[in-house]
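Let's take a walk through this protein together, looking at who touches whom. Have the model open and follow along.

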Amino acid sequence: MFLPPTLSDFITIASSFLFIVSSLILLFLKTDRRRRKHSNPPRRSPSDDVATARSPEAKLRVAVYYGTQTGTSARLARELEEATLHRYGKQVHVRLMDLEQVTTERAEVIFTRGHEPLAIFLQSTYGDGEPTDSSLEFIHWLRDQADDGRLPELLKGLTFCVFGLGNSSYEQFNAAGKCVDHSLKSLGAARLMKLHLGDDDYDLEGDFRRWKEALWASIEDTYGIHANDGIDQVSINPAYCVSTVSHENALEAEKRTRDAMSKCPRDGFATQQSPFAASVILARELHNVTSTRSCVHIEFDISDSGITYQPGDHLGVFAENSLAVIQRAAACLHLPLDHSFSLSVPEGSPVSLPQPFSSPCTLATALAKYTDLLSPPRKGALEALASVSTDKVECERLKRLASTDGKNEYEAFIGSPKRSLLEVLESFPSAVPPLGLFFGAIGPRLSPRYYSISSSPRCKSNVVSATVAVVSTTTPTGRLHEGVASSYLARFVSRANKTDVVNSAMKETRVPLFVRSSTFKLPRDPIAPIVMIGPGTGFAPFRGFLQEREALLRAGNTLGPAYLFFGCRHEDQDFIYRDEMEGALQKNVISVLQVAFSRSNSSHKVYVQDKLASVAKDLHGIMKGTIGANKGRIYVCGDAKGMARDVHRALHVILMNLGGYAAHEAEGIVKRLAESGRYQKDVW
C-alpha cells in the first residue's frame with residue numbers, strides 16, 4: 001500500500017541530496033587543487049594544442065611530453081623543442097604538452113586518433129620512485145592498461161622514446177621513466193631508441209645533451225631528414241628586454257608584490273606559482289648548546305591563507321640568498337644593488353625563455369629572491385658567459401667547459417668540487433653579462449625548498465611547522481657552503497635574546513610558502529598498526545603523526561600499536577623533540593620508542609636499522625599480516641643513500657630469519673608491501 005512521504009522522509013532525502021552535492025564540490029576542489037600544483041608551466045607555444053594546424057612542409061610530426069615536479073623536465077622539453085626546430089627548420093613540426101593534460105578520460109583519444117608518428121617523453125621521478133604530481137594520472141592509466149594485458153596493440157603505430165630524470169642516490173632510480181618506457185612497449189608502441197636515464201646525482205645536463213645528440217641521429221636515420229646547413233655554428237642565448245626604472249617605482253612595485261602575497265590567493269589555493277607569504281611566529285634551536293651542528297623548529301601562521309594540509313604533506317618554502325652572496329654577485333655584474341629595472345619577453349623570443357619574475361624591482365631583490373647563485377651552473381650558462389667574455393683565454397676556457405668534448409674538464413672544475421655559479425662568475429671576470437642575458441640564460445630561477453611538515457592541523461589549525469637541519473659544510477673549493485633555505489630560516493632564531501620567540505630583526509619578514517600534497521599518510525583506520533622509522537629530521541612527519549594520533553585518542557578513538565624508531569648522534573646534544581616522544585609513550589599515543597645514539601660508543605655505532613631487531617617478531621607479523629590483518633604500515637623518512645637502504649635490508653633479514661624466505665622471496669614481499677601502500681618512504 002502506498003503511504004505518503006512524511007516530514008522525516010523529506011528531511012532524509014534533502015540531507016542525502018546535500019551530502020551528494022557537497023561531496024561532488026569537495027571532489028572538484030580537490031582535483032582542481034591538484035591540477036594547479038605542477039611547477040613552472042612554460043609559455044604557451046603555438047604547437048601546444050592537439051588541434052594546432054600542421055605545417056604542410058613538415059616531413060615529421062613530433063609530440064614532446066613532460067612530467068615535471070620542480071620544473072626541470074619542463075625546461076628541458078622547451079629546450080628540446082627549440083633546438084629541434086632550430087636544427088631541422090620546417091622539416092619538423094613539434095608539439096609540446098604537459099602530461100598533466102593527459103587525463104584518464106583523454107589519454108586513449110590523444111594517443112590513438114591522429115597522433116604524431118613520434119612521441120618523446122621526458123619523465124621525472126619524484127621521491128623514492130613516485131611519478132610527479134602532474135604525471136600521476138597519466139602513468140596510472142598507462143600502467144593499468146599495460147598490466148591489464150587485453151589491449152597489447154592499443155598503441156601500435158606509435159613510435160616513442162623516453163628520457164628519464166632521476167637521482168641514483170634513491171633506491172628506485174628513475175622508476176617513473178622506466179614505467180613509461182615498459183608500459184608503452186607492452187601496449188604495442190615501437191621504441192625509436194633505448195631508454196635513457198638521466199642522473200641528477202652526477203651530470204643530468206650532460207646526460208640530456210648526449211641523449212639529445214643520440215635522438216637526432218636516430219631521427220635522421222629513421223625518417224630521412226637532415227640538419228640545416230651551418231647549424232653547429234649557431235648558438236641560442238635567450239635574453240629578456242631590460243628597461244631602467246626609477247628606484248621609487250621599483251620599491252613601490254616590490255611592496256605591491258609583497259602585499260599581494262600576504263593575502264589569500266584569489267582562487268583560494270596557495271601554489272608554487274601563487275604562494276602565500278606567512279609570518280613566522282616561533283623559531284627555536286633544537287640542538288643543545290654543546291652541539292656543533294644546528295637544527296631549527298619553525299612555525300608559520302597560515303591564518304586567512306586558504307592553506308590546508310595533512311600530516312605527511314610537504315611545505316614548499318621560497319628562501320632568499322644572504323646579503324653577502326648578493327653583494328658578490330652584484331660586483332660580478334658591475335652594478336649597484338639599488339639598480340632598478342623591469343624585465344619583459346621580447347617579440348619572437350625562443351619558447352625556452354619563461355615569463356620573467358615580478359618586476360620592476362631592484363637588483364638586490366632580483367638576486368636575493370629570484371636567482372639561484374649557489375648551485376653549479378648549467379652548460380648553457382657557460383655558453384652564454386663565453387659569448388660576452390672579452391678575454392680570449394677565458395672565452396675559450398668557457399667554451400671548452402660547455403662543450404660535449406669538455407665533459408671531463410667540466411666534471412673536474414665544476415661537478416666534483418660543486419663550484420657554484422657565483423664562483424664561476426668570479427673566476428671569469430671578463431665575462432660580464434647584461435642583465436637581460438644574465439636572468440634569461442645564466443642565473444636560473446631560485447626554486448622552492450621542500451620540508452616534511454612536522455605538525456598536524458588537529459593541534460593548531462592555523463599553524464604549520466617545519467623541522468630544518470641547517471646545512472653548513474666546506475666544499476672542495478674551500479668555500480663555506482650554507483644551505484640557502486636552511487640558513488635563511490635559521491636567521492629567524494633569536495640567538496642573542498633567548499626569550500624572543502623570533503629574532504627581532506626578522507619579525508616583519510614574511511616567507512612565501514605553499515603545501516604540496518603527499519601520499520605519505522597515516523592509515524584511515526586508527527586501529528591499524530604503524531611503524532615509524534626516522535632519525536634526525538626524518539622524525540618531522542612523525543611528529544605530525546603523533547599529534548594526529550593524540551587528537552584521535554582524545555576524541556575517544558582506539559589506537560592500534562605504534563612503533564617509533566628515532567636516531568641521533570648524542571643523547572645530550574641532538575635528541576630533538578625528546579619530551580614530545582617520551583610524552584607520547586606515556587600517553588599511549590605510541591607503544592614502543594627505540595632510540596639509537598650513533599656516537600655514544602666510540603667502538604660501536606648504533607643506528608635505527610640496528611634497533612629493528614628488538615621487535616623483529618612484531619615487524620615480521622606486521623609485514624606478513626598476522627598482526628593488523630594486512631592493514632599495518634611501515635614508514636621510513638630521512639636519508640636515501642644510507643639509512644633508507646639499510647632499513648630496507650634489515651626488513652629483508654627479518655623476513656629471511658623469521659619466515660625462512662630466500663632473499664628474492666623477501667624482496668618480493670617487501671615490493672608488494674610498497675605497491676599496496678603499506679611500505680612508504682619519504683627520503684632525500
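**Charges, rings and domains**

Let's start with R210, which is partly exposed, its relative accessible area being 29%. Keep in mind as you look around that this is a predicted model. The side chain of R210 meets that of D203 in a salt bridge, with 3.7 Å from N to O. D203, for its part, is buried, with a relative accessible area of 8%.

How many salt bridges does the structure hold? The count is 28. One of them brings together the side chains of E220 and R87, at 3.0 Å from N to O. E220 belongs to helix 6 (residues 204-223) and R87 to helix 2 (residues 72-88), so this pair ties together parts that are 133 residues apart in sequence. Are these two partners buried or exposed? E220 is buried, with a relative accessible area of 18%, and R87 is buried too, at 14%. They get that label because buried means under 20% relative accessible area.

Next, look for D181 and R191, whose side chains meet in a salt bridge of 2.8 Å, N to O. D181 is in helix 5 (residues 175-186) and R191 is in strand 6 (residues 190-191), and the two are 10 residues apart. D181 counts as buried at 6% relative accessibility, whereas R191 counts as partly exposed at 36%.

Where do the named domains fall? The UniProt record, an unreviewed entry, places a "Flavodoxin-like" domain at residues 62-216. That span is 41% helix and 25% strand, and its end C-alpha atoms lie 12 Å apart.

Now for the rings. A search of the whole structure turns up 26 aromatic pairs. Take F318 and F514: their ring centres are 6.0 Å apart and their planes sit at 45 degrees, so the pair is tilted. F318 is in the loop between strand 11 (314-317) and helix 8 (323-333), while F514 is in strand 18 (residues 510-516), so the pair ties together parts that are 196 residues apart in sequence. Both F318 and F514 are buried.

F542 and F545 make another pair, with ring centres 5.7 Å apart and planes at 65 degrees, so this one is edge-to-face. These two are three residues apart in helix 16 (residues 540-554), which means that about one helical turn separates them. F542 is buried, with a relative accessible area of 0%, and F545 is buried with a value of 0% as well.

Rings can also link up into a group: ring pairs join Y65, F111, F121, F138 and W141 into a cluster.

Definitions and conventions:
Residues are numbered from 1 along each chain as its sequence is written. This is a predicted model: local features need pLDDT of at least 70, side-chain atom pairs count only at pLDDT 80 or more; totals for chains, interfaces and linings use all residues. Side-chain values use heavy atoms; hydrogens and water are left out. Rings of Phe, Tyr and Trp (its six-membered ring) pair if their centres lie within 6.5 Å; planes under 30 degrees apart count as stacked, over 60 as edge-to-face and the rest as tilted. Helices (H or I, at least four residues) and strands (E, at least two) are DSSP runs, numbered from the N terminus. Buried means under 20% relative accessible area, exposed over 50%, partly exposed in between (1.4 Å probe, protein chains only). UniProt positions are given in the numbering used here, feature names are shortened, and annotations may be inferred rather than shown by experiment. A salt bridge is a side-chain nitrogen of Lys or Arg within 4 Å of a carboxyl oxygen of Asp or Glu.
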